[in-house]
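Open the model in your viewer and keep the selection panel at hand. This tour goes from one selection to the next.

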Amino acid sequence: MSALVRETVRLAGGREQAVLRGGRGPVLVWLHGLGGVTPDDPAALALAERWSVVAPVAPGFDRDEDAADLRGVHDLALRADDLFEALGLEGALVAGHSFGAMLAAELAAHAPRRVARLLLVSPLGWWRDDEPAADFFAVPPGSDASPYRRTPPEAVERARRAVARVLWPLPDKGLRRRLYRVRARSVVLSGDRDPFVPASYARDLAAGLGGAPCVVEAGAGHDLPYERPDAVAAALDALRAA
């Protein structure tokens, strides 16, 4: 199995960003959820079997002192754009999961030249204009529907701090109005048992991306890259072939 190695990339203005890199084959930028990614992350390792993976250690920030400079998802997209510039990436294959899918869509809208193909996996719906921001953790404790029922408490707490620090109050719910800027070939992948992203929302988002295909996996929840890695790989293969 391909190993993932942590590297530090220097961005414009002297800022640094930690990334994991590993694998072989075409480059795939992997933007994950709020919990972060580690060198032994099973989803990233599975992707590294077929792609040369570049994964920011956290979705746009990985040090507490950086968080004060961020005002929400658009600022994270600007940081991601800086990372792409530092790595010399244009026309990339980009996959985002959960919060990372939200960031990937924002990046593709802000800097279309950066993203040629875009996979949004279980994209969180916080930016939906006609609904209040959801409570990301409002799943009854112990519920079988909760994708976090097996997540270590410290990882959940880390995600809570990230949400409180960067996303609340939600600073911009206008991404849906910017999707027309996305030029990338796109696919949306969702599970029909996802407690956070209903399949109807995933289809609505795909429609906003110029009628992109929306694949709904039967019996799958929110953590598709861990539950159904083959489905993620198949969606990426379909994007590359398009």
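Start with the largest nonpolar core, which has 37 residues. A nonpolar core is a set of buried Ala, Val, Leu, Ile, Met, Phe, Trp, Tyr and Cys residues joined through side-chain atoms within 4.5 Å. Buried means under 20% relative accessible area, with a 1.4 Å probe and protein chains only. Select Val94, Leu118, Leu120 and Val182: these have the most contacts inside this core. Strand 3 (27-31), helix 3 (73-87), strand 5 (92-97), helix 4 (99-110), strand 6 (115-121) and helix 6 (199-208) each supply at least two of its residues. Helix 4 gives the most, with nine residues. Helices (H or I, at least four residues) and strands (E, at least two) are DSSP runs, numbered from the N terminus.

The model is predicted; local features need pLDDT of at least 70, side-chain atom pairs count only at pLDDT 80 or more, and totals for chains, interfaces and linings use all residues. Residues are numbered from 1 along each chain as its sequence is written, and side-chain values use heavy atoms, leaving out hydrogens and water.

Next, select Val94. Setting aside residues up to four places away in sequence, Val94 touches Leu28, Val29, Leu31, Phe84, Ala104, Val115, Arg117, Leu118 and Leu119. Contact means heavy atoms within 4.5 Å.

Now helix 4. 11 of its 12 residues are buried, so the helix is largely enclosed by the rest of the structure.

Step to Ser98, in the loop between strand 5 and helix 4. Ser98 is not a glycine, yet its phi is positive, about 60 degrees. Ser98 is buried, at 2% relative accessible area.

Finish at Ser122, in the loop between strand 6 and helix 5 (153-167). Ser122 also has a positive phi, about 50 degrees. Its relative accessible area is 0%.

Definitions and conventions:
Buried means under 20% relative accessible area, exposed over 50%, partly exposed in between (1.4 Å probe, protein chains only).
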